[in-house]
Amino acid sequence: MRYIKILPLQTFEVPIEAENICPDVFADLTLSQIGNLEVWEGNRKKIISDLFQVSGDDVLTSTKDTLVVLDGDFSRVKRIGENMTAGTIEAKGDLGMHAGNNMTGGSLQVEGSAGSWLGREMRGGLIVVKGNAGDYVGSGSRGEACGMRGGDIRIEGSTGDYLGEHMCGGSIMVNGDGGDFPGASNRGGFIVIGGDAYLPGAEMASGSIVVKGKARVLPSYQYQGLVGFQGMTLNKYLGDLADNGKGNVYAASIDVE
Amino acid sequence: MIIKGGIVYDPANDILGEEMDLCIENGKIVEDTKEGEVIDARGLLIMPGGVDGHAHIAGAKVNNGRIMRPEDSRQYVEPRTKLLRPCTGYTVPNCYAIGYRYARMGYTMAFEAATPILEARHTHEELEEIPIVDKGALTLFGDNWEVFDCVREGDMDKLAAFVSWGLRASRGYGVKVVNPGGGECWGYGGNVSALDDTVPNFDVTPREIIRGLTTANEMLKLPHSIHLHTNNLGKPGNYATTLETLEAVKDIIPSRDRQVVHITHMQFSAYGGTGWPDFKSEAPAIADYFNKHDHATMDMGQLIFGSATTMTADAPLEYNNARLLHAAQWSNHDVELEGSSGVVPLLYLRQSPVNAVQWAIGLELALLTESPWKVVMTTDHPNGGPFVNYPEVIALLMSAPKRDEEMATLHPWVSSRAILATVDREMDWGEVAVMTRAGPAKILGLENKGHLGSGADADVTIIGVKPHEIDPSKDHHKIKEAFSRVKYTIKDGQVVVRDGEVVAVPQGRTYWVDASVPLKQAERLQVDLAEKFAKYYSIQQSNYMVQDAYVTNPEVIEAEGF
Amino acid sequence: MVKDVLCPFCGSLCDDIRVEIEDGLIVKVRGACKLGASKIKGHDRIKAPMVRKNGDLVETTYQEAYDRAAQILLESKRPLLYGWCSTICEAHKKGILLAEEVAGVIDSTATVCHGPSIIGIEEKGLAGSTLGQVKNRADLIIFWGSNPSEAHPRHALRYSSNAKGRFTEDGRKGRKVIVVDVRETKTSKNADKFLLIKPGSDYEIISALRMMVNGKGDVVPDTVAGVAKSALEEVAEMAKSAKFGALFFGLGLTHSRGRYKNIDNALSLVRDLNVHTKFMVMPMRGHYNVTGFGQVCAWETGYPMSVDFSRGAPYFNPGETAACDVLGNKEADALMAIAADPASNFPWKVVERMAEIPVIQIDPFENPTTLLADVVIPSAVAGVEVEGTAYRMDGLSLRMKKLVDSTSPSDQEIVSNIIESVRWLGHDN
Amino acid sequence: MISGRTLGQGATCEAKMTPEFYEATSFCSLSEGDYNSLGLSDEDNVLVSTPFGDVVVSPRIDSGLPNGVIFIPMGPWANAIIGPETGGCGTPQYKGVGSEVMPTKLPVKGVRELFADLINKRGVTS
């Protein structure tokens, strides 16, 4: 496994776009070549070494044997691991928006929290976040028919709103709360929320959403009875019938005000 | 400027592949010149600048398409350069992309196909922002209350006066008629389904509207004929309506040396069958009619596989599209007193049986109609597909092997429900030049476009193929490539594209038609209009007309028939 | 007296105002509502350009103000060019060019107003019409989370509940009006049916109505967010049985929990209703030309708002690139506010960012944004002192008139001059 | 708490430094029931608190409001207690913000006072 460490040289104010921080891009390059890759600081085109210190092994290897360690605060660095197909990224702290977007393989591990649009349009691979994540985890870009189509996202904390919007496949597990409208307009996929959620599965065509805490359920969902899930008893609902949906929402308790 | 040694195809002047020099002075083609740049075009294919007679490139529904489709705007993105503004979009490109992409394909003029008078100001705001090419807009008349009233009363004088006024109010170039009567019915969610259906509350029929507007069009001697989107468009079996429509105007004498009716995007109106299960091509029947009659022309409306954004003033059609295809998005926009429109994004699939047949129909229409002067090449951008695919269509028309290659990837209906596989005609350069240049210019009545005779606008395309050395049938991919990014586009004598790149960004002209009418008729009309504004419109009449500020570079064509 | 004047206040864009002018001054405004008359008559103006020196705003020349503005924008790595609702499309075009030249983010007030409506349209499309179609045909009007009596005072009479047209000769008598809101308003007092709902429950109410319209009302529970099922059934039945229905929605939907999802669902409701009858839907746009910015931005860039040019090509992502995002996330390092007053209209934490970064203000009037600005450039009042294009809430474009002269330059002149300065200084560097 | 447009706010929104704008936007409407149960009188103001801030405004009765819902006209006083979060869609939630209302004798700040801290900050940084 080739080890490459990226360390910010400063605290960023203007956000950085760094889609080149990705095992696929790094695998074929020496450390100094990596340092010469393009990144953007707001509207200024820069190179990685302007903003980051690059260190580690200087031997080329395959993508899948590439480990990129992000040491420090990357909370304002966007698009890390974009289009990633293999290999590993380990972030010791937070990550900015759009991490792991269009990812098809490999592993993205985040010790801190991740920004919005984590795993946007993801098709494969694994994302694990120890902290929280922002809005639109595993969703699509505006107007896109499908968000996440495959792969796994695991969030140990809570997420913002619109978790898994337009999701067509794959799975998302959230230990904490799932925010407003998780699984909206879903056409497949599997979402498990450990905590609470507000109006899961709005306009869902198909797919399953499990809420282990309390959920507010739409009036366009039809109650199907109690079912067992991982040792819990859950209320099962079918919907979203307003859109002829055939998805299921499962919730441990129902928020009826 | 002198363009030396090119192989010139100028079918309007009966020049078909002659090696000759072209001279340009002050933006016009001239017999001889000693001035300016010399372009070495030895052996290269030369044609007049392309003329797109029908595309949806500006106005309310085009912009609605952009607003609805951020995912489309993420396609084909080109960042800003020192010379060029940034470009976005495939089916609904931004204004700059429209101008640059036409120019790169050697096109120098394009017509926006459907503008309600009430919203023409918006159309012109966008046309002004489209760089390089000359432009014009066709004005919608087929669902207008004043038209209905004149037609019902049989008052052709007043109708002609209204058409003239409507063209002036909208700074429009010609009379567009879309599913006549259907837009009004759609005001309450209905439609018309036959030429003799009555439009509720107005007591007129589609047949009467079409005949009335055709008559008025010829009274005014407008450069273009009426430009008709037929009733029942998009429905299986509609070819019968199309043929009936063609028959309905056969007896009206054109006032100029051109057709009396142009049926647009015929592909959508040449359907057989009684429903989708027995859907089939009736292009042979349509082409046969065109081969036997000379009063009509058409454009293809060729389907292109992939993403499209359908947009039309035929709002009930769009509603049906959305319902039938369970489209995620449907937009509708009714225009008070003047009709309606709709927008639905679609995906045309090679393995869809209906789409495969639709694709074949467009090509059959072109290949089975003997005279290329009767068929303009279009994709009804972005309904059949985006205009950037014209080079693909050219290659399909010129190469039977390419068509065979394509058909092999399509749903088998392409062979069982259409006869394209049995058609071996391959268009030559002259025929392509007619279908993309000389033909549309003649059909639209553009005297200085579509040809390279002395006095013509110096709009010239130099294409990077050598017609004497290439076999288009075999090397169709080279044809497509060469037409996608031409060697040179010259607009009004200025090089705007060189080696496929835009190198200059002049502002094109906007063509509109000012048709004279006797004062008495104009005054009679004003009485009607004053009432309609006082009672029905939501704006004042004085705020209605498109002001000069929106047409900063006009080319006014005068028509003095009436 | 100038007739048929367009009113530069709200999205209704009334075009029948009469203005009396004497000696180059507006002396009387006839036919406008309180809001429009107040706007056309005018208010105290910023008298001269100002720049901040040693903490205080001091008067300066226009050229110095342009140069200072250009310098701020050029030095910025992520400038935000925000506002645009109270000016004409001619200024929008220049603004987009400036945003390209300085590789900034351009956004309009739509993002604190009907931005969620636009995102909803991106999900579903919009079944709309011009307002005259409603006037001539609609026999049912629904105002949802919208209070036109206060925000669009002449809407009812000119276009909607009280308008008379070809098939609606009886005006208000021939129509039913439904109001859905979280409180009683002047608008709801005039309704045939008032549906009082709890704040934030719009989405659920709409879903229940959709179920009823789609023939699945039996699944809906007896109460939905505290509203009796029978009351919803009544509304659903009224909507289905209309010949032409019109749903006008306001900030009650876009500003509440659910935001664009509320709109998405409302658009779906209207689509469902079109199976049974004819129905249209329209956002009640606030400022007179916030619609126009969306139109211009869409044809120039492909997107209607929140466009980021930092990498040369347009990028659009409200939630990341909207004004409140780039300020609230402390991404923006300079702000140009034009024809809008963000200091008054943004949440406090967002306004705090304005105090940390250079701010350029272009506006006719002093307001809280002025208090925080480093460069203040007074402008002429578009639609009163400058002619140009505006788009009504239904997307209809109209030409605003110039009524009187101004001593201040127009917004488009100011932005053009800043572009010139940007090119000059940028070239210099 | 919901914020929104009013005629008075609209008519004065281009004259924000005037007393008229202050009059039109620095108040909070409550239902009669809420007004009485808080024991408010003409001399009182109310302190409205949300997770995002506090603001003092003058109370008014609006018989159209249900109990438990308060209304503040669109403007700087309302925005002082609105959160910056845009929920991923660019638009803050200006309506339906959970809030607490308490009677207070504190005065309602004027526009300049409301922005005083920020103006001072601006003065220092420039």
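Biologist: Before we look at the sheet, when do two strands count as paired?

Modeller: Two strands pair if DSSP finds at least two bridges between them. Keep in mind that this is a predicted model. In chain C, five strands form an open sheet in the order E11-E10-E9-E14-E15, and the pairing is parallel.

Biologist: Which strands sit at the edges of that sheet?

Modeller: Look for strands that pair on one side only: here those are strand E11 (193–196) and strand E15 (278–283) of chain C. On average, neighbouring strands are turned by 15° against each other, ignoring direction.

Biologist: How many bridges join E10(C) and E11(C)?

Modeller: Four bridges, in the parallel sense, with strand E10 of chain C covering residues 176–181. To find one pair by eye, go to Asp181(C), whose bridge partner in E11(C) is Leu196(C).

Biologist: And which helix lies across E9, E14 and E15 of chain C?

Modeller: That's helix H12 (residues 260–273) of chain C, running at about 160° to E15(C).

Biologist: What about domains: where does each one of chain C fall?

Modeller: A domain can be made of separate stretches, as domain 1 of chain C is, with 44–112 + 288–428, while domain 2 is 115–283. Their centres, taken over C-alpha atoms, are 34 Å apart. Ten residues from domain 1 and nine from domain 2 make the contact.

Biologist: Last one: how many residues of chain C are in contact with chain A?

Modeller: There are 29, meeting 24 residues of chain A. The largest share of chain C's side, six residues, comes from H9(C). By class, that side has ten nonpolar, six polar and 13 charged residues.

Note on methods:
Residues are numbered from 1 along each chain as its sequence is written. Chains are lettered from A and ligands numbered from 1 in the order in which they are written. This is a predicted model: local features need pLDDT of at least 70, side-chain atom pairs count only at pLDDT 80 or more; totals for chains, interfaces and linings use all residues. Two residues are in contact if their C-beta atoms, placed from the backbone, lie within 7 Å. Helices (H or I, at least four residues) and strands (E, at least two) are DSSP runs, numbered from the N terminus. Ala, Val, Leu, Ile, Met, Phe, Trp, Tyr, Cys and Pro count as nonpolar, Asp, Glu, Lys and Arg as charged, and the others, Gly among them, as polar. Domain bounds come from an automatic or database domain assignment. Axes are lines fitted to C-alpha atoms, for helices over the stretch in contact, and angles run from 0 to 180 degrees between N-to-C directions.
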